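Hi,

Here is the structure you were going to look at. Please open it alongside this note; my findings follow below.

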Amino acid sequence: MLKWLIRFFYLMIISIATIYVYGSANYSRLEAYYSDYMEEHLDDAQTYLKGINTLMGIDYYSNSAVYQYIQDEGDHQLTLGIYAIGVTLNDELYDGMMIYVSNVKIYEDNELVENPKLKITVTLDQNTYKSGEDFISTANVLFDPEKPFPYSYVPNVFLLYADNYLKVVDQEVYANIERISISYSNGDLDPEKNNELIYNDSLLFLGSDEILSEAAFNKTDTLSLDPEDFKLSQQFAGDHPTAEELATMNLITERGNLGEYNYLIWRTMSIYVLIVGVLTYALFFHKIVRAKLQERRYQSKDGKPKEVNAQPIFKDIEYKEDGK
C-alpha cells in the first residue's frame, strides 16, 4: 500500500512539474519573440500592437485609437492611446479596451532619462477589477523597459466588459473609467522602503473628464469615454466578426509567427523528459532490472538454472596406511 501511495504522489509531483516546465518554456518563446520583434519598436504603434496581438492572443484591435493624448514637446513627452479590442475567453467574445503608452521622453536637468519606469494606474467608479481575492477600483501596470517580457509586462492596460474586469458581480452593469494616471521613476531606490522605486512627486500624466488638483506635468480634462465606442460586438451579425465586418470597421487581426520559436519548447521539454526518465528509472526500475540481470546470469540457455560444479579450493589429503 505504501508503495502505491509513493507512486501516486510521485505522479502528482511530475504532473505539476510538467505544467510548470512547459509554462516556463512557453514564456521563453514569448520572451524571444518580444526581444526580436517588439523591444526596439515600443514607439511604433503598428509594429508593437501587432506584437501585442501575437503575445496576448487578442482577436482584434481598432486600427485607430478611440481616444488619444499626445504631448510631443517639452521635458515630459508621451502618447496615450485607448483602442477598442475583442478577446475570446471560454469560447465567448468579449469587448474591451487597451490603453497603450508610448513615445515617452523625459528630461531632467536637460538630460534624457534613460529607460524610465512607468506605473500606469486606471481608476474605476466601481470595485470590479479583481486583484487576488478582492475586487478593487484600480488596475495597475508596472513597466520597466530594461526587463525582458514577461517580467516587466508591457506598457498596456487591458480592460474587458467581462467578469473580473469591468462587470459588476452578478449584475449586467459595468464600471467606467474615472481617471488615468502615470507615474515615472528614473530608477532610484528607497533603502528605507525595501529598495522600492522612488517615483517623481509630480505625475507624468493625469487624465479625467475634469481638471484635478494633483500635480502633473501633463493634465487633461478630455478623458470622457463612451462605452458604446468599445462594444463593437453589438454591430456584428454573428457571434464573431466576418472578414467583411473586420475590414469595414478597420479592425486589425494580424499576428506574428511564434512557430519559429517552437524549438525553445522542444529543447526544454526534451531535456525535462530525459531528466524525468532517468529519475524514474533510478527510483522504481533500477533494482528490478538489476535483479533480472543477476537472475539471467545464473541461467543456462534453456532457461534452467545452471549446474554449479563447486570444487573446494582446499582438499583434505588422504594418507595411505603405510604412511606413504
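K117 forms a salt bridge with D144, with the closest N and O atoms 3.8 Å apart. (A salt bridge here is a side-chain nitrogen of Lys or Arg within 4 Å of a carboxyl oxygen of Asp or Glu.) This pair links distant parts of the chain: K117 is in strand β6 (residues 117-124), while D144 is in the loop between β9 (138-143) and β10 (156-160), 27 residues apart. Helices (H or I, at least four residues) and strands (E, at least two) are DSSP runs, numbered from the N terminus.

Before going on, the ground rules. This is a predicted model, in which local features need pLDDT of at least 70 and side-chain atom pairs count only at pLDDT 80 or more, while totals for chains, interfaces and linings use all residues. Residues are numbered from 1 along each chain as its sequence is written, and side-chain values use heavy atoms, with hydrogens and water left out.

**Salt bridges**

K117 has a salt bridge with E146 as well, and there the closest N and O atoms are 2.7 Å apart. Again the pair links distant parts of the chain: K117 in strand β6 and E146 in the loop between β9 and β10, 29 residues apart.

E146 is exposed, with a relative accessible area of 51%. The cut-offs: buried means under 20% relative accessible area, exposed over 50%, partly exposed in between (1.4 Å probe, protein chains only).

E214 forms a salt bridge with R179, the closest N and O atoms being 2.3 Å apart. E214 lies in the loop between β14 (205-208) and β15 (219-220) and R179 in strand β11 (residues 177-185), so the pair ties together parts that are 35 residues apart in sequence. E214 is partly exposed, at 34% relative accessible area. R179 counts as buried, at 19%. By the rule above, the count comes to six salt bridges.

**Surface patches**

K3, R7, K287 and R290 gather in a patch of positive charge on the surface. Helices α1 (2-37) and α4 (262-297) each supply at least two residues of this patch. K3 is in helix α1 and counts as exposed, at 61% relative accessibility.

A nonpolar patch is formed on the surface by L2, L5, I6, F8, F9 and M12, with about 610 Å² of accessible area together. L5 is in helix α1 and is partly exposed, at 41%.

Patch rules: members have over 30% relative accessible area and no salt bridge; like charges are joined within 9 Å, nonpolar side chains (Val, Leu, Ile, Met, Phe, Trp, Tyr) within 5 Å. Lys and Arg count as positive, with the charge placed at NZ of Lys and CZ of Arg. Areas come from the Shrake-Rupley method with a 1.4 Å probe.

**Overall form**

The secondary structure comes to four helices and 16 strands. The radius of gyration is 33 Å, well over the 20 Å that the globule rule gives for 324 residues, so the protein is more spread out than a compact globule. (The radius is taken over C-alpha atoms; the rule is 2.2 Å times the number of residues to the power 0.38.) Along its principal axes the C-alpha trace spans about 135 × 55 × 40 Å. Buried residues make up 35% of the 324 residues.

Best wishes
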